[in-house]
Amino acid sequence: MTAPGAVPPDRRTRFGRWRDQMIAYGWLVLAWNLFWGEFTWGNLLGGLLIAAVVLLFFPLPPVTFHGRLRLWGVLAFGSRFVVELVRASAHVARIAVQPGFTPRSAIIAVRLRVPTDLNLALTAEALSLVPGTLIVEVDRDAGILYVHVLDVRGPAALAASREQIRDLEQRIVAAVGSDDELRLVRTGTVAKEPP
Amino acid sequence: MTLGTVADWLGAVSLIAGALLSLAAAIGVLRFPDTLSRMHAATKPQVLGVLLLLLGVGFRLRSPADLGMVVLIGIFQLATAPVAAQMIGRAAYRAGRVDRRLLDADELADR
């Protein structure tokens, strides 16, 4: 793999677009074969055909992946995610069956430090599955997530939720973000424009 | 005790746990006061319930073809449930179907 800085910008973006398409193509063919439950030449051919049709007629907006996968980051995020999903489920299940209890809630705005499409989408998806939080609205231009918090008990709980979302973002960036993004998140500054 | 028996027992436990969580999710959807709170019940215990059911099914079936399908269902469940909940929650908020007496703060209203 060559360093990203070594290639001229226009060639890099065209190559990046092509690479993204090929990755999506590969995943679609794999999914098609898994749907049929076996890998045969017929399924492979069918998958190649169907995936080409899907990519041609339902093109996705380009979400280019600028970061890199960090094995430790992915493992740390994955294991913490499982723990939080179990905790969230237990929490919601408990207050669901608690007699005579009406949970109070709040909607808070959280500005992400890395306002890329990929980070917004991943953080929004993940925080809907961890304790107390659910995404309501996304301000894509400003990089702000509007989050519904269930079972709020006082202002301290809101501050804790905010902190929790920022930790979640940091874990996601540590798993898939670029070095610049990781530095940005670690130093804890809210940058209007990433360098 | 053979490995198959262990897998069968693990499968049975997972199936029961998943079913109980799905039941709790259903009770939550029924009992929570407004749409946004209900969506919490429709995502977290619901997703974990389905994942546990899939795990249980995987432990019982134990064939590569079925496991591939189970993994696919799990991935799609994780990817789509939050999106669906967000779409419903956003629609409910924009239509004003939010009980403001139960909200401690609403920073979306200030926008």
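In which sense do S1(A) and strand S1 of chain B pair, and over how many bridges? S1(A) and S1 (residues 103-106) of chain B pair in the parallel sense, over two bridges; strands pair if DSSP finds at least two bridges between them. This is a predicted model, in which local features need pLDDT of at least 70 and side-chain atom pairs count only at pLDDT 80 or more, while totals for chains, interfaces and linings use all residues. Residues are numbered from 1 along each chain as its sequence is written, and chains are lettered from A in the order in which they are written.

**Strand S1 of chain A**
- S1(A) covers residues 105-111, and five of its seven residues are buried, so this strand is largely enclosed by the rest of the structure (buried means under 20% relative accessible area, with a 1.4 Å probe and protein chains only).
- On the chain B side, A:Ser105 stands opposite B:Leu103 in S1(B).
- Within chain A, S1(A) runs antiparallel to strand S3 (residues 144-150), joined by seven bridges.
- In that pairing A:Arg111 stands opposite A:Ile144 of S3(A).

**Chain B**
- Chain B has three helices and one strand (DSSP runs of H or I of at least four residues, and of E of at least two), in the order α-α-α-β along the sequence.
- The radius of gyration of chain B, taken over C-alpha atoms, is 18 Å, well over the 13 Å that the globule rule gives for 111 residues, so chain B is more spread out than a compact globule; the rule is 2.2 Å times the number of residues to the power 0.38.
- The C-alpha trace of chain B spans about 60 × 25 × 15 Å along its principal axes.
- Of the 111 residues of chain B, 38% count as buried.

Note on methods. Heavy atoms only, no water. Buried < 20%, exposed > 50% of the residue type's maximum accessible area, 1.4 Å probe, protein only.
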